[in-house]
Amino acid sequence: MSTKDVTFVHLTDLHISAPALADETLVGDSEAALRRTCAEIARMDPQPEFVVISGDLSNHGEAESYRHLQALLDEAAPKVPVILALGNHDDRAGFAAAFPQLAHDPARPFDHDLVVQGIHVIVLDSSIPSGVEGDWEAGQMDWLAERLEAHPGAPKLLVIHHPPMLDEATGADFPWKSLTLRATRALREAIAGRDVIGILSGHIHLDRVEHWHGVPVIIGAGHHAASDPVAMGETLRMLDATGFAICTLRPSGLGVTFVPHPQTRAVAHELSLDALRAYIAEKYGEAA
């Protein structure tokens, strides 16, 4: 590992929707939250080496929403590399249409990697078209195994929208699903013994760190609304709470500082888990 400290920023769950779409499903002002994050990043001294956005870039996956996101990033984001991942709210075809410079085949998962400031960043697309939970398509774990062999000596930072399942023994999961049990186990086997310094995730809308088989999983609340971590029973409560994270890789390991935006933590939206399950079944054809 390098002896130089490397600082980068983790954003997640932007849920951007083009203004012309008048998206009534948004429960928070995600565009304002992103602008606030960009303004905060611009104040950082020194500037971060790169920015990672770990999925749910849009709210519904329209090409116009991704073009709006590109305009927001061009206008407000600092001039540092921005690394993008896709989540379950994203659409590969819409994303590819708006970001042709990324040369993404919309028929395939958006998996890619690069080395920046000595860190090998590996982005895995855990989204399943028309699905909520995360899983791998054929060939993705083979691709990951190949990339983990590349750039020996460079620590690996994984970016995956869906965090691994909490409890592999019982199959316990978040109310709105994460990686499937099969995908969780496949990921664990793939990275065992590798120099993986961390996994950046989102999806569950919580500022949270899980120490998963020796690897820190850093999950962000995101830019739409946050889940209520105090009351996670039979009702899903989304709070007025957004923010991002500043991450620093030191010789001693990865450190994370969560940066909350000004917030009331008032309930912005409330839904019973039965209603959530019914919505998932209707929209995605999945059993919750």
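1. The sheet. In this predicted model, where local features need pLDDT of at least 70, side-chain atom pairs count only at pLDDT 80 or more, and totals for chains, interfaces and linings use all residues, an open sheet of 6 strands runs in the order β4-β5-β6-β7-β9-β8 with mixed pairing. Strands are DSSP E runs of at least two residues and helices are H or I runs of at least four, both numbered from the N terminus; two strands pair if DSSP finds at least two bridges between them. The edges are β4 (112-116) and β8 (208-212), each of which pairs on one side only. From one strand to the next the twist averages 20°. Residues are numbered from 1 along each chain as its sequence is written, and side-chain values use heavy atoms, with hydrogens and water left out.

2. Strand β8 pairs with β9 (residues 215-219) in the antiparallel sense, over 5 bridges. In this pairing H211 stands opposite P216 of β9.

3. Helices on the sheet. Helix α4 (residues 140-149) lies across β4, β5 (119-124) and β6 (156-160), at about 175° to β5. Helix α5 (residues 181-191) lies across β6, β7 (196-201), β8 and β9, and runs at about 65° to β8. Axes are lines fitted to C-alpha atoms, for helices over the stretch in contact, and angles run from 0 to 180 degrees between N-to-C directions. Contact means heavy atoms within 4.5 Å.

4. Nonpolar cores. A nonpolar core is a set of buried Ala, Val, Leu, Ile, Met, Phe, Trp, Tyr and Cys residues joined through side-chain atoms within 4.5 Å; buried means under 20% relative accessible area, exposed over 50%, and partly exposed in between, with a 1.4 Å probe and protein chains only. The largest core has 24 residues, and those with the most contacts inside it are L11, L14, L34, I53, L57 and F95. Two or more residues come from each of β1 (6-11), α1 (30-43), β2 (51-54), α2 and α3 (92-98). Helix α2 gives the most, with 4 residues. A second, separate core of 22 residues includes L124, A183, L206 and I219.

5. L57 and Q70. Leaving aside neighbours within four places in sequence, L57 is in contact with residues including L14, Y66, L69, L86 and F95. Q70 lies in helix α2 (residues 63-76) and touches F99 and Q101, not counting residues up to four places away in sequence.

6. Salt bridges between separate segments. With a salt bridge taken as a side-chain nitrogen of Lys or Arg within 4 Å of a carboxyl oxygen of Asp or Glu, the count comes to 14. D5 bridges to R250, with the closest N and O atoms 4.0 Å apart. Because D5 lies in the segment before β1 and R250 in strand β12 (residues 243-250), this pair ties together parts that are 245 residues apart in sequence. D5 is partly exposed at 40% relative accessible area, and R250 is partly exposed at 36%.

7. Other salt bridges. R237 and E270 form a salt bridge with closest N and O atoms 2.8 Å apart. The pair links distant parts of the chain, R237 being in β11 (residues 235-239) and E270 in β14 (residues 267-272), 33 residues apart. R43 and E40 meet at 3.1 Å, N to O; both lie in helix α1, 3 residues apart, about one turn of the helix. R43 counts as exposed at 63% relative accessibility, whereas E40 is partly exposed at 26%.
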